Amino acid sequence: MDISGNLAVIGYGLAAIGPGIGLGILFGKTIESMARQPEMSGQLRSTMFIGLAFIEVFGLLGLVTPFIFG
Amino acid sequence: MPRPQETPLSSLATFLPLAADSGSGFVPPSLEDFFPPIVLWEGTPFAFNRIIMVRLIATVALLLVFVIGARTAKLVPGRFQVVLEMGLDFCRRSIAYETLGEKLGKKYVNIITTIFFSVFFLNITGVIPFLNIAGTSVIGLPLIFALWVFVLYIGASVKMHGVGGFLKLSLFPPGVPKFLYVLLTPVEFLQVFLLRPATLTIRLFANMMSGHLLLALCYSATSYLFLHASAGLKPLGIVTFAGGFAFFFLEIFVAALQAYVFAILTAVYLQMVLEAEH
């Protein structure tokens, strides 16, 4: 079988692993805390979105890198 | 052998019609979507193309919505006014007051609301039929927003604490052993002067760009699979069709989420450089 394509695709797949793990931990822990203390959920949610923004940047850096260096 | 016009995403797109006959109607989305031909005033700083037009339409829509909303505001709100007030109230309470506190929040709520709604309107054009591209999916506009926030938080802090106070607060965070400043100060310097505006820009533009590419990939794969692919591959078109719907709703969510993230990070950065007496 002959596969043609670009190595950058595999690179992006690898680069997405880290943020994936990070997002999993972030959301899991937030849900856990919300279940423990439902009255805190508003504050937890906004903190979670800030964290989400920081983690997401790593995935997106992987996305833009091939365009910059490619 | 790499083909000459290959970009990372066009090669991603070629995975989809894997065993199909070549030389047919499959057009993978490419980076050229973001650089449409210039229509007017070529060669001047005011070069006008499709994306600029989309941005102007979004701006006009934003102004119209709020001018009409403000003109027709009544004591007993109608449906349109309720939605508008919910949005404004969300910016005021959940973003400004919750992060900055009542006193500072009141001062900056206008800017934060403006950022939220302009980013949202420019993002949402990515899913509106016939416009089909987000105004923020080319780096210029997110960069302007990020520089605005950058100037805003530095200006606000310098105004409140003076230049020395601002540098001391943001480069030498209190409550840390003295020798750690050797490590901490360069990191904080990079953070304040480079990473914050850079991540604001990249986050917004890369989200919108990838959203457009995903949507366009789903649409063009669906049309290819239904119209041109061999009979065995046609059922796959149902998957990409459903995927197009799913990504459509995801993109609406992402547009709102990115506006929220941009606005709340503005508030957080302001709060970080303004917090003083403790």
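Predicted model: local features only at pLDDT ≥ 70, side-chain atom pairs only at ≥ 80, totals over all residues.
Residues are numbered from 1 along each chain as its sequence is written, while chains are lettered from A and ligands numbered from 1 in the order in which they are written.

Let's start with chain A. Its average pLDDT, the predictor's confidence in each residue from 0 to 100, is 85, and 97% of the residues score at least 70. You'll find 3 helices and 0 strands here; helices are DSSP runs of H or I with at least four residues, strands are E runs of at least two, and both are numbered from the N terminus. Where in chain A is confidence lowest, and where is it highest? Lowest is helix α3, residues 41–69, with a mean of 81, and highest is helix α2, residues 17–36, at 94.

Now the overall form. Along the principal axes, the C-alpha atoms fill a box of roughly 55 × 30 × 10 Å.

As for burial, 11% of the 70 residues in chain A are buried. Buried means 20 or more other C-beta atoms within 10 Å of the residue's own, exposed means 12 or fewer, and partly exposed is in between, with C-beta atoms placed from the backbone. Take G13(A), which sits in helix α1, residues 7–15. Because it has 10 C-beta neighbours inside 10 Å, G13(A) counts as exposed. Its C-alpha atom is 17 Å from that of I68(A), 55 residues away along the chain.

On to chain B, with 6 helices and 0 strands. Of its 278 residues, 32% count as buried.

One helix pair to look at: α4(B), residues 140–171, and α5(B), residues 181–227, pack at about 160 degrees with axes 9 Å apart. Axes are lines fitted to C-alpha atoms, for helices over the stretch in contact, and angles run from 0 to 180 degrees between N-to-C directions. So α4(B) is roughly antiparallel to α5(B), a label for angles over 145 degrees. The contact (C-beta atoms, placed from the backbone, within 7 Å) involves residues including L143(B) and F150(B) of α4(B), and F189(B) and L200(B) of α5(B).

Conventions:
Parallel < 35°, antiparallel > 145°, perpendicular 65-115°, else oblique. Contact = placed C-beta atoms within 7 Å.
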